[in-house]
Amino acid sequence: MKLLATLLSAVVLTSAVTPNLRLHTNNNVGADFCKMCINFSGEAINELLNIILNMGVVGTCADICGLVEQKTGSEVLGAVCNILCDIAGVEEFVKLVEKADLDPIYLCELLKTCPVFDGGDATLTQFAVNPSSGPQGKKTLNFNFVSKNGTGTGEIYLFINTVDKIPVEGSFLQEPLKPGQYNMAIDLDAEPDPDCDPTQDFCEEWLAGDYVATLQLCNGECGSKHPHSRIYDTKNTTFTITN
């Protein structure tokens with residue numbers, strides 16, 4: 001299941017759900033620390049929480065983050081863990097990881113690496129697939145939205161209800177935006193993934209029929225019950241695969 005997100009405006013997006021999601025972004029240097037934190041927590045928060053719960057007695061940042069590196073096999077994740085832990089202090093870091101409860105955006109807001117803005121808004125004005133009908137292959141999901149007050153640190157979430165009921169979904173970090181109108185697009189590879197192993201995973205076949213795509217713009221993580229989280233807007237569109 002390949003989804004390719006392509007930015008048509010200067011907005012930073014990053015993968016939060018699907019590992020084979022490839023993104024093209026125009027990076028906002030001022031927001032890099034937020035992005036780094038969410039990339040880390042999105043990949044390591046499960047291991048990090050398990051490590052903390054199993055440690056019993058809280059050790060040092062080096063103890064915790066050494067185990068993160070060991071469990072994930074990533075020196076980079078271990079290094080970022082150390083940076084975030086050292087900034088917060090080990091006891092506070094542990095408390096915030098437990099409080100965030102597997103929500104990467106909320107964790108990074110608690111760590112004060114991502115800005116919080118609860119007065120934001122976003123309204124989807126257009127969401128359509130091009131081509132709307134045709135054989136398997138590349139499709140572009142174009143969407144426009146307007147924000148009167150700007151947005152907080154949040155998420156763009158896409159879910160496609162497929163003919164064979166295998167879920168295709170992806171979420172992308174949306175860093176804060178100023179008030180304005182925004183045009184974006186997500187490129188969808190609507191054809192079987194030759195690298196997908198049906199013995200290891202569910203493999204979408206993109207069968208002939210009608211598909212429903214749902215797009216959400218959110219403050220915080222879409223569907224989260226934590227503070228600083230709400231769905232700004234939701235819009236559906238349909239497309240048909242003919243072969």
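## Basis of the model

Residues are numbered from 1 along each chain as its sequence is written, and side-chain values use heavy atoms, with hydrogens and water left out. The model is predicted: local features need pLDDT of at least 70, side-chain atom pairs count only at pLDDT 80 or more, and totals for chains, interfaces and linings use all residues.

## Disulfides

The structure holds six disulfides. A disulfide here is a pair of cysteine sulfur atoms within 2.5 Å. Number the bonded cysteines of the protein chain in sequence order, and the pairing reads 1-8, 2-7, 3-6, 4-5, 9-10, 11-12.

One of the links joins C34 to C114, with 2.0 Å between the sulfur atoms. The torsion about this S-S bond is about 100 degrees, so the disulfide of C34 and C114 is right-handed. The pair ties together distant parts of the chain, 80 residues apart. C34 sits in helix α1 (residues 32-55), and C114 in the loop between α5 (104-110) and β3 (123-130). Helices (H or I, at least four residues) and strands (E, at least two) are DSSP runs, numbered from the N terminus. C34 has 3% relative accessibility and counts as buried. C114 is buried too, at 4%. Buried means under 20% relative accessible area, exposed over 50%, and partly exposed in between (1.4 Å probe, protein chains only).

## Two further links

C196 and C203 are joined by a disulfide, S to S 2.1 Å. Its torsion is about -90 degrees, so the link of C196 and C203 is left-handed. C203 is buried, with a relative accessible area of 12%.

C218 pairs with C222, their sulfur atoms 2.0 Å apart. This link of C218 and C222 is right-handed, with 110 degrees about the S-S bond. C218 is buried at 4% relative accessible area. C222 is buried at 14%.

## Helix α1 against α3

Two packed helices are described by the angle between their axes and the distance between the axes. Helix α1 packs on helix α3 (residues 75-88) at about 105 degrees, with the axes 10 Å apart. Axes are lines fitted to C-alpha atoms, for helices over the stretch in contact, and angles run from 0 to 180 degrees between N-to-C directions. α1 and α3 are therefore roughly perpendicular; angles of 65 to 115 degrees count as such, under 35 as roughly parallel, over 145 as roughly antiparallel and the rest as oblique.

From α1, the contact (heavy atoms within 4.5 Å) uses F33, M36, C37, F40, E43, A44 and L48. From α3 come L77, V80, C81, I83, L84 and I87. The residues of the contact of α1 with α3 divide into twelve nonpolar, no polar and one charged. Ala, Val, Leu, Ile, Met, Phe, Trp, Tyr, Cys and Pro count as nonpolar, Asp, Glu, Lys and Arg as charged, and the others, Gly among them, as polar.

## Helix α1 against α4

α1 also packs on helix α4 (residues 90-100), at about 120 degrees and with axes 10 Å apart. That makes α1 oblique to α4. L48, L49, I52 and L53 of α1 meet F93, V94, V97 and E98 of α4. By class, the contact of α1 with α4 has seven nonpolar, no polar and one charged residues.

## Backbone details

A cis peptide bond joins N130 and P131, with omega about -5 degrees. P131 lies in the loop between β3 and β4 (133-134).

L102 has a positive phi, near 70 degrees, in a residue other than glycine. L102 lies in the loop between α4 and α5 and is partly exposed, at 37% relative accessible area. K112 has a positive phi near 65 degrees. K112 is in the loop between α5 and β3 and counts as exposed, at 74% relative accessibility.
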